[in-house]
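Here's a quick briefing to read with the structure open beside you.

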Amino acid sequence: MSAAEGFYPRTGKRALDLAVAVCALFLLAPVLAATALAVGATLGRPVLYRQRRPGRGGVPFMLTKLRTMRNAADDGGRPVPDAERLTRLGRLLRRTSLDELPGLWNVVRGEMSLVGPRPLLPEYLDRYSAEQARRHEVKPGITGWAQVNGRNAISWDDKLRLDVWYVDHLSFRLDCRVLAATVWKVVTGEGVSAAGAATAHPFEGSRRLR
């Protein structure tokens with residue numbers, strides 16, 4: 001039996017997600033409201049950022065986050081680089097992961113889990129190797145094994161390898177370990193940005209496949 005089967009992956013994980021997400025939304029409601037007001041005052045409307053992302057099995061859902069970037073484009077209508085669009089408040093929200101708080105609603109809806117591979121862009125789907133694509137065997141997470149082992153500071157190959165490792169070792173103990181480590185990462189702000197980038201470099205495909 002694989003790690004993605006059994007009582008915890010099929011039933012216990014969802015129970016943990018609901019219990020923690022509902023409590024967190026209730027307890028952090030004042031923080032979320034204050035942060036949303038700050039985003040609105042800085043960036044205007046909309047306060048929330050929604051984007052289609054692939055979930056479990058590659059099935060798309062609408063990811064919800066707080067906005068951290070301005071809507072700025074060049075003369076050709078293309079968005080300017082992230083470093084130019086990311087605001088000072090946005091950098092703070094990303095460092096503290098406060099921009100991820102609305103994602104708790106995705107957890108309540110059953111589209112995401114507290115812990116799992118991060119939901120990436122749809123255009124990356126055909127760039128994964130067969131092994132890397134296994135990250136979609138479980139629900140995406142607000143945090144994950146790759147996020148507590150380097151986040152954006154490690155290579156794409158390493159991040160995707162860690163995602164698949166999580167799929168193969170999914171357990172209650174591992175999820176608790178990731179959640180505890182996430183608190184430390186949020187406090188320290190480690191790995192928020194890749195070297196030479198405001199956030200992360202685009203995934204162009206595994207180097208091993210070239």
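Start at Arg-53, which sits in strand 1. Keep in mind that this is a predicted model. Arg-53 is buried, yet it has no salt bridge.

**Around Arg-53**
- The nearest side chain of opposite charge belongs to Glu-123, and it's 7.4 Å away. A salt bridge needs the charged atoms within 4 Å.
- What Arg-53 does have is a polar contact, side chain to side chain, with Gln-51 at 2.6 Å.
- Leaving aside residues up to four places away in sequence, Arg-53 touches Val-59, Pro-60, Phe-61 and Leu-63, along with Pro-119, Leu-120, Leu-121 and Pro-122.
- One of those, Phe-61, is also the bridge partner of Arg-53 in strand 2.

**The hairpin**
- Strand 1 (residues 48-54) pairs with strand 2 in the antiparallel sense, over seven bridges.
- Five residues lie between the two strands of this hairpin, and Gly-57 in the turn has a positive phi of about 70 degrees.
- Strand 2 (residues 60-66) is mostly covered, with five of its seven residues buried.

**Helix 4**
- Which residues of helix 4 are buried? In this helix (residues 88-96), they're Gly-90, Leu-93 and Thr-96.
- Viewed down the axis of helix 4, these buried residues fall within an arc of 140 degrees, so they line one face of the helix.
- The buried residues of helix 4 pack against helix 2 (29-43) and helix 7 (172-188).

Conventions. Residues numbered from 1 in each chain as written. Predicted model: local features only at pLDDT ≥ 70, side-chain atom pairs only at ≥ 80, totals over all residues. Heavy atoms only, no water. Buried < 20%, exposed > 50% of the residue type's maximum accessible area, 1.4 Å probe, protein only. Helix = DSSP H or I, 4+ residues; strand = E, 2+ residues; numbered from the N terminus. Arc of directions from axis to C-beta. Contact = heavy atoms within 4.5 Å. Pairing = 2+ DSSP bridges. Lys, Arg positive; Asp, Glu negative; His and termini not counted. Polar contact = N/O pair within 3.5 Å; in protein donor to acceptor, adjacent residues only side chain to side chain.
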